[in-house]
Amino acid sequence: MTQLTNEQLQQQISQLEEQLLQAQKQSAIGELVGTTTHEFNNVLMTILNYAKMGIRYKDEPTRDKALAKILAAGERAAKITNSVLAMARNRSDDMGAVNLPELISETMVLLEREMQKYRIAVEYDLQEIPSVSGIGNQIQQVLLNLLINARQAMPEGGRLLIRTVNHPQENMVDLVVRDFGFGMEPEQLQKIFQPYFSTKSGPDESGKGGTGLGLHACHKIIQQHGGKIRVESTPGRGTAFTIRLRSARPIAALPTTTETTTAQIQPLV
Ligand SMILES: Nc1ncnc2c1ncn2[C@@H]1O[C@H](COP(=O)(O)OP(=O)(O)OP(=O)(O)O)[C@@H](O)[C@H]1O
Ligand SMILES: [Mg+2]
């Protein structure tokens with residue numbers, strides 16, 4: 001039997017980690033496809049039902065109402081396809097300038113109905129920020145994972161806050177996803193970035209959650225971007241994840257020291 005050297009083992013570990021990341025990526029895309037198809041079907045149902053109503057009732061007010069509903073549904077369908085197309089355009093694995101507010105709004109188009117269904121009120125506090133340097137699709141995957149976790153932390157509904165903060169001196173931008181859900185105990189917080197750590201019994205009725213890979217993938221992605229992910233949480237009060245990314249503006253003098261990426265964990269006050 002040949003013994004594997006430390007180096008070979010390390011190599012195997014990084015290969016497996018890469019595979020894990022790919023798997024999470026596929027499942028995030030799969031979730032999006034599922035959500036989008038479902039959304040599209042809802043829009044189609046609206047169009048079909050109001051078209052039938054317009055045919056059945058010949059009076060002008062009813063027909064006007066039916067046409068207005070069809071128009072609104074058609075516009076929503078166009079918004080959904082635009083978001084999907086934007087996602088497809090983004091699908092390169094190259095680093096580039098990513099417009100976060102645009103990415104947020106494209107992602108929310110896809111999650112709008114799901115948030116409504118679970119009675120989540122989404123609030124925005126978007127400071128003007130420069131583009132960040134990164135891979136759009138990967139950052140969207142992070143955002144999606146955080147938003148779905150936040151939604152799942154509020155089974156009875158609640159508030160979800162998306163915030164962007166500019167730190168011009170440091171050439172960094174923060175993206176915060178804050179929920180007012182059940183929060184986490186300190187012992188749980190220590191484990192959330194570990195692969196396969198999950199407190200969920202399995203996928204919920206929307207088919208999401210339970211593998212314990214979501215946050216592990218977020219951490220990896222942000223690490224590869226040279227960014228930071230921070231979490232603050234208090235049981236019964238909620239959780240805030242902060243993603244810190246480098247802004248894409250040309251920087252006159254880059255700092256000579258490289259910061260180590262760590263997942264900072266602290267209670268939310
Ligand atoms: N916003 C949050 N509020 C409370 N607990 C959270 C929150 N986000 C994550 N957690 C906890 O961290 C665990 C790990 O999250 P992670 O996203 O990695 O896995 P998951 O959601 O269980 O499954 P999936 O891989 O399908 O996303 C969750 O099971 C949950 O216990
Ligand atoms: Mg998750």
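Guide: A residue counts as buried if 20 or more other C-beta atoms, placed from the backbone, lie within 10 Å of its own, as exposed with 12 or fewer, and as partly exposed in between. This is a predicted model, in which local features need pLDDT of at least 70, side-chain atom pairs count only at pLDDT 80 or more, and totals for chains, interfaces and linings use all residues. Residues are numbered from 1 along each chain as its sequence is written, while chains are lettered from A and ligands numbered from 1 in the order in which they are written.

Visitor: Which residues of H1 are buried, then?

Guide: Gln 24, Ala 28, Glu 31, Thr 35, Glu 39 and Tyr 50 are the buried residues of H1. Helices (H or I, at least four residues) and strands (E, at least two) are DSSP runs, numbered from the N terminus. An α-helix has 3.6 residues a turn, so residues three or four places apart point the same way.

Visitor: What span should helix H1 have, at 1.5 Å a residue?

Guide: Helix H1 covers residues 6–56, which is 51 residues, and should span 75 Å; its end C-alpha atoms are 75 Å apart, so the two values agree. The expected span is 1.5 Å times one less than the number of residues.

Visitor: And Gly 34, where is it?

Guide: Gly 34 sits in helix H1. Because it has 13 other C-beta atoms within 10 Å, Gly 34 is partly exposed.

Visitor: Step back a bit. How many helices and strands does the protein have?

Guide: The protein has six helices and eight strands, in the order α-α-β-α-β-β-α-β-β-α-α-β-β-β along the sequence. Of its 269 residues, 30% count as buried. Among contacts between residues at least 6 apart in sequence, 73% join residues at least 24 apart. A contact here means C-beta atoms, placed from the backbone, within 7 Å.

Visitor: What about H4, how many of its residues are buried?

Guide: 16 of the 17 residues of H4 are buried, so this helix is largely enclosed by the rest of the structure. H4 reaches 24 Å from its first C-alpha to its last, close to the 24 Å expected.

Visitor: Which residues of the largest nonpolar core touch the most other members?

Guide: Leu 100, Val 142, Leu 143, Leu 146, Leu 147 and Cys 218 do, out of 38 residues in that core. Helix H3 (100–117), H4, S4 (158–167), S5 (172–179), H6, S6 (228–234) and S7 (238–246) each supply at least two residues of this core. H4 gives the most, with eight. A nonpolar core is a set of buried Ala, Val, Leu, Ile, Met, Phe, Trp, Tyr and Cys residues joined through C-beta atoms within 7 Å.

Visitor: What does Leu 146 contact, leaving aside its neighbours within four places?

Guide: Leu 146 is in contact with Val 177, Cys 218 and Phe 241.

Visitor: Now the strands. How do S4 and S5 run?

Guide: S4 and S5 are antiparallel, joined by eight bridges; strands pair if DSSP finds at least two bridges between them. Val 165 has Asp 174 in S5 as its bridge partner, and Leu 160 has Asp 179. S5 is also antiparallel to S7, again over eight bridges, with Val 176 partnered by Thr 242 in S7. Strand S2 (residues 120–126) pairs with S4 in the parallel sense over seven bridges, and Asp 125 stands opposite Arg 163 in S4.

Visitor: What lies in the turn of the S4 and S5 hairpin?

Guide: The hairpin has four residues between its strands, and Asn 171 in the turn has a positive phi of about 55 degrees. Most residues other than glycine have a negative phi. Asn 171 is buried, because 20 other C-beta atoms lie within 10 Å.

Visitor: Tyr 196 has a positive phi too. Buried or exposed?

Guide: Tyr 196 counts as exposed, because it has 10 C-beta neighbours inside 10 Å. Its phi is about 70 degrees, and it lies in the loop between helix H5 (186–189) and H6.

Visitor: Last topic, the ligand. How many residues surround ligand 1?

Guide: 22 residues do, and the closest are Asn 149, Ala 153, Ser 198, Gly 214 and Leu 215. A residue belongs here if its C-beta atom, placed from the backbone, lies within 6 Å of the molecule. H4 (136–152) and H6 (214–224) each supply at least two residues of this shell.

Visitor: What is the shell made of, by class?

Guide: The shell has eight nonpolar, twelve polar and two charged residues. Ala, Val, Leu, Ile, Met, Phe, Trp, Tyr, Cys and Pro count as nonpolar, Asp, Glu, Lys and Arg as charged, and the others, Gly among them, as polar.

Conventions
Two residues are in contact if their C-beta atoms, placed from the backbone, lie within 7 Å.
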